[in-house]
Amino acid sequence: FHGSMNGEHLNAPALTLAPTPSGNGYWILAADGGIFSFGNATFHGSTGGIRLNQPVVGMAATRTGGGYWLVASDGGVFAFGDARFFGSMGGVRLNQPVVGMAPTSTGNGYWLVAADGGVFAFGDAQFFGSGGSMQLPAPAVAVGPHPSGGGYWVALADGRVMPFNVPDLGSSPWLDRGDPVVGIAVTRTGNGYLLARRSGTVHAMGDAVA
């Protein structure tokens, strides 16, 4: 534990947390794009004082920890520190809003995922398919790339996981509709992943351990 914003006044709700590569710090992201740094996480800028067309919904750190990307629900991407801008969906008409992003292992690209399961690849990120043309049983909430960059999993709010050019390692069916899955974290081996629910419950698949 390196600190938090508990008890502090925030202009917008906190959305997510991104760790530094060493695990000795983290950034907390708020919906207005405000960034709060703890431990060995360094502040490289934010969109907290910028008028945004749509709210920020996710972030990802670079492999060095010297920068990060923020993504808004309209697909706009903002790069800070040593994070490079490789493109965005800003200005493009989307069927559903973007809900998250994930960088490639090289740091030279990233994937965006929309609520309808649509996946958008930039830089050296490769496109392996998406759920954008399917009738999904629940909204997509996150994309988890394989460490090799050769595929990815798209997690749905009901706990199902859609594999694209990667093995089907299982799902965590909806146990409580008021407790949706909100994120996915792939193991370093690429043979498992963790699914996190809104309540903080974590489900492990493959070689992941909760």
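Here is a short chat about the pockets in this predicted model.

Visitor: Before we start, what does the predicted model need for local features?
Guide: Residues are numbered from 1 along each chain as its sequence is written, and side-chain values use heavy atoms, with hydrogens and water left out. Side-chain atom pairs count only at pLDDT 80 or more, totals for chains, interfaces and linings use all residues, and local features need pLDDT of at least 70.

Visitor: What volume does the largest pocket have?
Guide: A pocket is an open set of points on a 1 Å grid over the protein atoms alone where a 1.4 Å probe fits, with protein on both sides within 12 Å along at least five of seven lines. Its volume is the space filled by probe spheres set on the points, which are joined across faces, edges and corners. For the largest pocket that comes to about 1500 Å³.

Visitor: Which strand gives the most to the lining of the largest pocket?
Guide: Lining residues have an atom within 4 Å of a point, and the largest pocket has 41 of them, with Pro-19 and Ala-102 among those nearest its centre. Strands are DSSP runs of E, at least two residues long, numbered from the N terminus. With six residues, the top giver is S4.

Visitor: How many charged residues are in the lining of the second largest pocket?
Guide: This pocket has a volume of about 170 Å³. Asp, Glu, Lys and Arg count as charged, and Arg-198 is in the lining, along with residues including Val-99 and Pro-139. The number of charged residues is one.

Technical notes:
Helices (H or I, at least four residues) and strands (E, at least two) are DSSP runs, numbered from the N terminus.
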